[in-house]
Structure formats: structure tokens, C-alpha cells
Amino acid sequence: MSAANIITASYDAVVVGAGIVGAACADECVRQGMRVAVVDGDVIGGGATAAGMGHIVVMDDSGAQFALTRYSQQLWKELRPALPADVEYEQCGTIWVAADEEEMSEVRRKQDYYGQRGVPVEILDQDALERAEPQLRKGLAGGLLVPEDAVLYPPCAARFLIERAQVGGATIHLGCPVSRIGNGRVHLDDGRELSAGAIINAAGNGATSLTPDLAIKKRKGHLVITDRYPGFVRHQLVELGYLKSAHSTTGDSVAFNVQPRKTGQVLIGSSRQYDVEDKQVDNPILLRMLGRAEEYMPDLAQMSTIRVWTGFRAATPDKLPLIGPWPGDSSVFLATGHEGLGITTSLASARILVDQIAGRNAAIPVEPYLPSRVSSEHAYV
Ligand SMILES: Cc1cc2nc3c(=O)[nH]c(=O)nc-3n(C[C@H](O)[C@H](O)[C@H](O)COP(=O)(O)OP(=O)(O)OC[C@H]3O[C@@H](n4cnc5c(N)ncnc54)[C@H](O)[C@@H]3O)c2cc1C
């Protein structure tokens, strides 16, 4: 008998992809008592997860985005005592920085929205902002502090979740690309087949090659990390103009977005580009991004930077991930399309996906994330 068509093992669930989303799904399936395998063509957390900034942030572009980010932020907070030191989880809070009075009105809108939904927030006036972040340029109007937001180091978070799943009995296959999924079978490139009650396609940008017709587009981003300057930045700082750049569905954009790392390093973002496949650092956009950061924090210009990298977010047209059954095959479930929020929303995505597999009600309504919303010829584009 040839290696092809040998079903080497059967599982309740096979997760394709060991990024942060697949890792969270594997961990959650194991917690539910399922027999689980994880298959990745590369290493744990080597895709977008390795490129991500690791900001755990509540966002309110839509009610559905708010529900998923808030639920997940709270799940990260609950998980905190179990996280090893190298995950570098730090509840530093976010400050949404308002440059002028127009942006202060957005601060007040956000305060109302978050406050009404039980998220602690605090308005900072000009003086309070200067005290909170002395390295910001003087004269900014103020900001909104969201103290429960956090930061972490994504590849180690993914590794922790995979290892926890493994301790609970999961089998992990790394360096094993998957060529095909469907009808309860996961076909590996090397000819082996795994049989699964549920196949979870958590392959990030790679999900489109396994499940046809997904409307996922790559959205490139750049990040820069500095040498160690402990105490230079205290919170994750994001300009309110970031929302305009994140909302754009065409064109290149940059925004001021910096993060304090536990190491004392400063992580500087961020850029967004569609229709670029090339992983190379794009110097013009990098210079725009750094220029924007220096407008807000002039002394960043004096810092020594030690690494620049790029990564690709998996973006859907309506900016919500695809979480749930794939209408084309009853054995296939999707957990992908998390764009710039997959680190934040991984834990909640895994919870609501496994709730669906188990046929239970989830803690938040799942309809906004269901893949069926996009399966009829991308009706929502
Ligand atoms: C510059 C940048 C900054 C970001 N900042 C943040 C942030 O601050 N906060 C936040 O919440 N999110 C952020 N994100 C988004 C976040 O990084 C992603 O949403 C998240 O990492 C997606 O995780 P994933 O597991 O879905 O995908 P990935 O991490 O890409 O994992 C997919 C995995 O699937 C595997 N795979 C693919 N195809 C196959 C196949 N055929 N067979 C087997 N394996 C396969 C890959 O090898 C990979 O390991 C950022 C992203 C970028 C690019």
C-alpha cells in the first residue's frame, strides 16, 4: 500500500494552523475533552502571529467588533495567572491620543460608548496626558485611557497555548503542509490523511488555499523595534487618527502607534497596505510611519532601532473574522480573517467556535462572524 490514502489517525477535531488563533482553538477543544491534532506547514506562531504587535485592545468600529474584542480582552485577563513570564503580558492600558479639539469629541464619544458597556475608561486632559506620557510632544489636546487593555508577546502566547493543548493530549504536527481539507479528511502534503469530526481551518492567509472562495485579502504592515529605553513609554499609545487609517479599505496608510515592551524596548507601528505581496521592507512607507511617530514623540528620532519587519494581516471586506461552520462542507469550520485584531480576539474566537461545534449558545451572539454571511458570492462586499 502506498503512503497516499493512509488514514494515520482519527480525531474529534483537527486544527490546521498553529498561529495564535489555531493555538487557541486547539487549547479550547482540549478543554472540552476533545481528541485533537494540530497541523502546521511551518512552526508554531510563525505566520502573522510572529509579525503582530501584541496589543490586546477593545475596539468599537462596530457592535460586533466591540463584543468580540471585549470578551477576549477579559479572557486574556482571566488567563493571566497561568501565562509564563516569556509571554510578557502587561496590563499597561491604551491611551487614545487626541491631537486637537475635533479628536477630543471622538474621545468623549468613545468614553460614552465604552462607559455604557461597562469598560472602565478615563478622559485625560492636556495636563493629565503630559503627566501620563511625558515624552509625547507638548500641546496635544488630551486622550482616553482604557486601563484594562494590555500587551503581550504573541509567538510565546501561541506556544503556551499549543503546549497546554499538548499536555491535555493534543498531537502536534509541525513542518507538515496541508494540501486539502474536506469530507472529514485532512490531506497532508506527504500523503498522510487525518480523519476528523471537525476540521478547523485556522490557516490565516493560507486559509484561502484550503477553503475556496474566501474573500480574504492580505494587508501588509511594518513594525520597528528599538534598543532598550526603560520607562520611555508607559502605555500603548495610539493616535485617534489611527481609526481613519484602519478603516480605509484601499490605499496605503500610516498611524502613530507605539508600545512599551517589558524589555524596555519600544515597538513602533503601524502601516497598512493592500495589494502588496512582497515581504520586503518598503522604505518610503517605513519613513512615513517613523515620521508620523516622531511627530507625536520627537525623541524617538534619537533612538537606536534594532529591527524592522513586515507581516500580512488576513483582512475580510467587512472587517470581521470568519468564525463558524463553512456552508460548503459540514465537517469544515473556519477561524480566520482576523486582520489586525487576531492576537486580541484569538481566545474569544476559539470559545465561540467550540461552542458552535458543541451546539451550545455562546456568551456573545455569533451571527456577525458566521462564514455564511460571505458564502453567497461575497454578497456583503
Ligand atoms: C504588523 C502587524 C501588527 C499587528 N498587530 C496586532 C496587535 O497589536 N493586536 C492584535 O490583536 N493583532 C495584531 N495583528 C494581527 C494578528 O497578528 C493576526 O490577526 C493574527 O496573528 C492571526 O493569527 P492566525 O493564527 O489567524 O494566523 P497566522 O499567525 O498567520 O497563522 C496561520 C498558520 O497557518 C499555517 N498554515 C497556512 N497554510 C497552511 C497549510 N496549507 N498547511 C498547514 N499550515 C498552514 C501557517 O504556517 C501559520 O503558522 C497584527 C498583524 C500585523 C501584520
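Predicted model: local features only at pLDDT ≥ 70, side-chain atom pairs only at ≥ 80, totals over all residues.
1. Eight strands make up an open sheet with mixed pairing, in the order β5-β6-β4-β13-β14-β15-β12-β16. The edges are held by β5 (122–124) and β16 (305–315); each has a single partner strand, so one side of each is left without a neighbour in the sheet. On average, neighbouring strands of this sheet are turned by 20° against each other, direction ignored.

2. A pair inside the sheet. Strand β13, residues 236–239, pairs with strand β14, residues 253–260, in the antiparallel sense, and two bridges connect them. Leu-237 has Val-258 of β14 as its bridge partner.

3. Helices on the sheet. Helix α4 (residues 101–116) packs on the sheet and touches β4 (94–98), β5 and β6 (142–146). The direction of α4 makes about 20° with that of β6. Helix α9 (residues 283–296) also packs on the sheet. The strands that α9 touches are β4, β12 (217–228), β13, β14, β15 (265–274) and β16, and its direction makes about 60° with that of β14.

4. Ligand shell. The ligand is surrounded by 36 residues, of which the closest are Asp-40, Thr-49, Val-178, Glu-339 and Thr-344. By class, the shell holds 16 nonpolar, 16 polar and four charged residues.

5. An oxygen atom of the ligand lies 2.5 Å from a polar side-chain atom of Thr-49. Backbone atoms take part as well: a polar backbone atom of His-55 is 2.9 Å from a nitrogen atom of the ligand, and a polar backbone atom of Val-178 is 2.9 Å from a nitrogen atom of the ligand.

6. Taken alone, the ligand exposes 1,000 Å², and the protein buries 90% of that. Two or more residues of the shell come from each of α1 (20–31), α2 (48–51), β12, β16 and α10 (342–358).

7. The hairpin. Strands β17 (residues 322–325) and β18 (residues 332–336) run antiparallel and are joined by four bridges. The two strands form a hairpin, with six residues between them. Pro-325 has Phe-333 of β18 as its bridge partner.

Technical notes. Residues numbered from 1 in each chain as written. Heavy atoms only, no water. Pairing = 2+ DSSP bridges. Axes fitted to C-alpha atoms, helices over the stretch in contact; angles between N-to-C directions. Contact = heavy atoms within 4.5 Å. Near = heavy atom within 4 Å. Polar contact = N/O pair within 3.5 Å; in protein donor to acceptor, adjacent residues only side chain to side chain. Areas by Shrake-Rupley, 256 points an atom, 1.4 Å probe, with all protein chains shown as cover. Nonpolar A, V, L, I, M, F, W, Y, C, P; charged D, E, K, R; others polar.
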